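The entries follow the order in which I looked things up.

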Amino acid sequence: MTTTDIHTELLKNFEEKIERGDAIEPKDRMPDAYRKHLIRQISQHAHSEVIGMQPEGNWITRAPTLRARQILLAKIQDEGGHGLYLYSAAETLGISRAEMIEQLHSGKAKYSNIFNYPALTWADIGAIGWLVDGAAIVNQVSLQRTSYGPYSRAMVRICKEESFHQRQGYEIMAKMMKGTKEQQEMAQDAMNRWWWPSLMMFGPHDSESPHSGDAFRWKIKRASNDELRAKFIDKTVQQAEVIGLTIPDNELKWNEERGHYDHGPINWTEFYEVIGGNGPCNLQRMNHHKRVHDEGKWVLEAAEAWTKKREQKLFDLN
Amino acid sequence: MTQDTQLRSWEVFTQTRSGANYIHAGSVHASDRNMALQNARDTYTRRGEGTSIWVVPTDAITASDPNEKEMFFDPANDKIYRLPTFYTMPEGAKAI
């Protein structure tokens, strides 16, 4: 067999395995492109969880009640945990934690666009939980069936924890809609600002999506951007109606034939501007992450020093 | 892979109730075993999903190669006499 034959054979075996619905595990042979795609996607997902802690973290000390503060703190701790599950899954593909953080800092790795928007009011915390986590859940539920074992298992774990996140957000919105006129306006204002960026979270329309061919064949992605977006819109519209919020889209209309809502055009110019680094908070998010990463270096050093010292002590005793 | 600067990697196994199997949850980074346990608790059991945790240095685990699973597991395949269904029981025999 020539090298090309071996490669063809390996690829055939791999694709048959995927076709059968078997999970791919860390030590299995896999095409470089599969590994690369996963590293890109999982690390981006991990970075999103961690960067996503910033807009919400801003509100821990400003939460209106002790109850709200405790809940928000627990939610943000979950997001940190989700980041760790995902970094741990990505590491099984042969990239180190340090390398991933380096790629985040250099801009080579991205994170979800949505976190480049500011959380201006308490209602934004409601909107983030309800809409942003709501959109993320739709995506993550479909990724529970992704073909890479460690990624899929991380998704199962994350989905179990996410529904609390969405509920706490929706509860905040519902409460504000029962409040004073100012509170209602504040909730509607948050809705107006977070609705469109939430729709953008699913990425470009299927006709424009650059990464989907292999991703579908290899079952990394299990549903298309537009399918997931439709799912999110369909379930959110009713939730908004129930609490009296208006979806900021004049063209939103139920389409009997498609069985989905039609929606107005998404501002993709804004989407690409924000991805390109020109969102309201890109610089702030990255600077904060870099600063905390640098300032936290002593924690690693202290831990290493402590371990060394204890090992030395044990050695001396022996 | 470049040298990681984020402390040593540990594999985490959690037991959901007393007597159950320990199941792999993921991994954490920590400088020693006690910190690994604490980090594993914070990362994988925020909702009390466990009665106990194991942490094992990642490099201490030796795994069989799934690509060689035939060589590894096939010898069991032709020994179907290990399965109770291999045996024909006399008609009328109950609860056996």
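Predicted model: local features only at pLDDT ≥ 70, side-chain atom pairs only at ≥ 80, totals over all residues.

Entry 1, a helix pair. I began with helix α6 (residues 122-143) of chain A and helix α8 (residues 181-200) of chain A, whose axes come within 9 Å and cross at roughly 30°. The axes are lines fitted to C-alpha atoms, for helices over the stretch in contact, and the angles run from 0 to 180 degrees between N-to-C directions. Helices (H or I, at least four residues) and strands (E, at least two) are DSSP runs, numbered from the N terminus. I therefore noted α6(A) and α8(A) as roughly parallel to each other, a label for angles under 35 degrees, with over 145 counting as roughly antiparallel, 65 to 115 as roughly perpendicular and the rest as oblique.

From α6(A), I listed A123(A), D124(A), G126(A), A127(A), I128(A), L131(A), V132(A) and A135(A) as making the contact, and from α8(A), M186(A), A187(A), D189(A), A190(A), M191(A), W194(A), W195(A) and S198(A). Two residues are in contact if their C-beta atoms, placed from the backbone, lie within 7 Å. By class I found 12 nonpolar, two polar and two charged residues in the contact of α6(A) with α8(A); Ala, Val, Leu, Ile, Met, Phe, Trp, Tyr, Cys and Pro count as nonpolar, Asp, Glu, Lys and Arg as charged, and the others, Gly among them, as polar.

Residues are numbered from 1 along each chain as its sequence is written, and chains are lettered from A and ligands numbered from 1 in the order in which they are written.

I then looked up α6(A) against helix α10 (residues 225-243) of chain A, and their axes come within 10 Å and cross at roughly 130°, which makes α6(A) oblique to α10(A). This crossing of α6(A) and α10(A) is also right-handed. In α6(A), L131(A), G134(A), A135(A), V138(A), N139(A) and S142(A) meet L228(A), K231(A), F232(A) and T236(A) of α10(A), a set with five nonpolar, four polar and one charged residues.

In chain B I found an open sheet of three strands in the order β2-β1-β3, with antiparallel pairing; two strands pair if DSSP finds at least two bridges between them. Its edge strands are β2 (23-30) and β3 (52-57) of chain B, each pairing on one side only, and the twist averages 30° from one strand to the next. Strand β1 (residues 8-15) of chain B pairs with β2(B) over seven bridges, and W10(B) has V28(B) in β2(B) as its bridge partner.

I recorded 24 residues of chain A in contact with 20 residues of chain B. On the chain A side, α4 (66-91), α5 (97-106) and α13 (297-317) each give two or more residues, and the largest share, seven residues, comes from α4(A).

The model scores ipTM 0.76 and pTM 0.89.

Terms used: Left-handed = near helix turned anticlockwise from the far one by under 90°.
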